[in-house]
Amino acid sequence: VKNICCVGAGYVGGPTAAVIAFQCPDIRVTVVDLDQARIDRWNSKHLPVHEPGLIDIVRVARDGTKPSTVMLGNEDAGKVELPARQPNLFFSANVSECVAAADVVFVSVNTPTKVSGIGAGAATNLVALESATTAVAKAAKPGAMIVEKSTVPCGTARTIREILTLHRPGVPFEILSNPEFLAEGTAIKDLLYPDRILIGSSQTETGQAAAAALKNVYATWVKPSKIVTVNLWSSELSKLVANAMLAQRISSINTISAVCDHTGADIDEVAKAIGLDQRLGGRFLKAGLGFGGSCFKKDILSLVYLARSLHLPEVGEYWMSVLHINDFQRDRFVNKVVSKLHNALMGKKIAILGYTFKQDTNDTRESPAIEVIKTLLAECPAEIAIFDPGCNVAEIRENIDRNVPTSEAKPLKPLGPVEAYSNSYDACFNASAVLILTPWDQFKYPAMTQKDSVFRKGGDRTISDAQVFTKPDLTEMDIIALGEYQKAKATSHVQLANPDPLNRLFEQSECAVGCMYCETAQQADGVKLSEPVDWARIAYNMREPKWVFDGRNIVDSKEMELLGFRVESMGK
Ligand code: NAI
């Protein structure tokens, strides 16, 4: 494989293609999209997707690197010569030209839930997938491998085959399924250190040869034992089931948080106690407001639709209940807010910390915050003030405009009583209650100690012997480890914050004058968005009795009470 084209430059296509390009400098990787504005952002310093570590990976693969000499510790430790690297990651809106050059085409377009027609509200809308596949069918070179990266209903490979045969009868193409398991917020870590790579293929000789060729690409940086090959239908179904099972754990623990709220039990203690059982494990047992995002709900609905189509209504009902509990939990949270404020929100300002569906992303799709805001608006508060460290004011305003109907937003100000702020202090000023809706580290109290590096997992790459770096032909993972090694020796904040400890990156090109993203990046009024929120400052400027409703169980209520807050959490 010498040339890969990824159709769809979204939250999956962009980061996935960037990591493949980063790890495989000899493969030319092009990401294409119909949305020219999105492509322009991928080619600028304001990437359309915010993910920790993404810009570092993109700068290496998209821009190439300069040759550099790195001094290792003291003089005896020696030095490392890093060669220049040529760019091999490209972003383009010219779909057919880039597809035509590719040996492998990833299709990673959006596959949302249908909103009208047969199966509305449950079945998957395959319009984007069909249109992308048609474009691929028309342009792809004979023998190309067409890879489903999008999450699709079980059986979609057959649809892709039909489209290919319709437009290019008799031309050989192999179809593979390679669903993506990355989670937003940790996408780069998940891609660099995947738990597994799943490849589904037809069980014919050519199908298995294609699976082996794709496996070879991943094997550049993933242990072969972690690359699992299965049949096409197992691969398609596994992705839906993985998301359904993850969401089910969240709903399960949330039902127990409701029981805790009515007893003396504490949900965090219960989660810890059960999570120590190795059969259960401790992850995905954090109670809170429930899940959001563009995947869990739609993938469960897709599974429910499949079960119902197969005349398995009990299976459908089982998975549907995971979604019902998610709504129940969110409603329980809002009801608690309204009732603690004496069912009287009129005249009160409510501050919302966190608008994205989870931390470390700018993605607001299906964010629980949207439904919370709609319900609160019906209570006619004086203002709902929103701040999120991952979304700027313009993005939140645009999103509210799109998701909250004008009649509900009651247009008093430009947005009605809903307003977006560029920092938490302005948002919380004079508020009667603060609602924590997204578990950003910045909102935690007591504040978090240092965060783990995106580029290291479980200490895998913590190298203390500098001589490791003097071997010839360092891989990009070795170079990452070298950067980490240099940072570990940093003695000042400036050195620690340096995004280029190896001095190999090119300067990023300047934006045009009046660039909207440059302007909004400077909006935070001197507040560093990456730093922990000063809760004492927030308390000082709030109205009594200074309510904090912690929808994510990330503040210690006893410690917060010492600052003068009254705190309500979920199940504690
Ligand atoms: P997205 O909406 O961020 O990106 C999809 C992109 O495809 C858009 O930029 C759109 O303009 C482009 N597109 C649509 N039709 C096209 C066409 N015919 N030609 C070229 N470009 C086209 O979606 P996202 O989040 O990247 O998801 C993509 C797929 O990956 C979905 O099936 C999703 O379920 C799946 N997935 C998403 C994950 C996530 O965390 N967002 C994780 C794992 C899988």
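Which residues make a nonpolar surface patch of about 240 Å²? The patch is formed by Leu310, Leu312 and Val315. The structure is a predicted model, in which local features need pLDDT of at least 70 and side-chain atom pairs count only at pLDDT 80 or more, while totals for chains, interfaces and linings use all residues. Residues are numbered from 1 along each chain as its sequence is written, and side-chain values use heavy atoms, with hydrogens and water left out.

Patches consist of residues with over 30% relative accessible area and no salt bridge, like charges being joined within 9 Å and nonpolar side chains (Val, Leu, Ile, Met, Phe, Trp, Tyr) within 5 Å. A salt bridge is a side-chain nitrogen of Lys or Arg within 4 Å of a carboxyl oxygen of Asp or Glu. Accessible areas come from the Shrake-Rupley method with a 1.4 Å probe, and for residues only the protein chains shown count as cover. Helices (H or I, at least four residues) and strands (E, at least two) are DSSP runs, numbered from the N terminus.

In soluble globular proteins, nonpolar side chains tend to be buried together. The largest nonpolar core here has 50 residues, and those with the most contacts inside it are Ile20, Leu89, Phe106 and Tyr218. Helix 1 (residues 13–23) gives the most to this core, with six residues. A second, separate core of 31 residues includes Cys391, Val393, Ile400 and Ala420. A nonpolar core is a set of buried Ala, Val, Leu, Ile, Met, Phe, Trp, Tyr and Cys residues joined through side-chain atoms within 4.5 Å. Buried means under 20% relative accessible area, exposed over 50%, and partly exposed in between (1.4 Å probe, protein chains only).

Arg330 lies in helix 12 and counts as buried because its relative accessibility is 15%. Residues up to four places away in sequence left aside, Arg330 is in contact (heavy atoms within 4.5 Å) with Leu289, Pro368, Glu371 and Val372.

Pro112 is placed in the loop between strand 6 (104–107) and helix 5 (127–139). With a relative accessible area of 34%, Pro112 is partly exposed. Apart from neighbours within four places in sequence, Pro112 is in contact with Ala123, Thr124, Asn125 and Lys298.

The UniProt record, an unreviewed entry, places the feature "active site" at Cys295; UniProt positions are given in the numbering used here, feature names are shortened, and annotations may be inferred rather than shown by experiment. Cys295 is in the loop between helix 10 (267–275) and helix 11, and is partly exposed at 31% relative accessible area.
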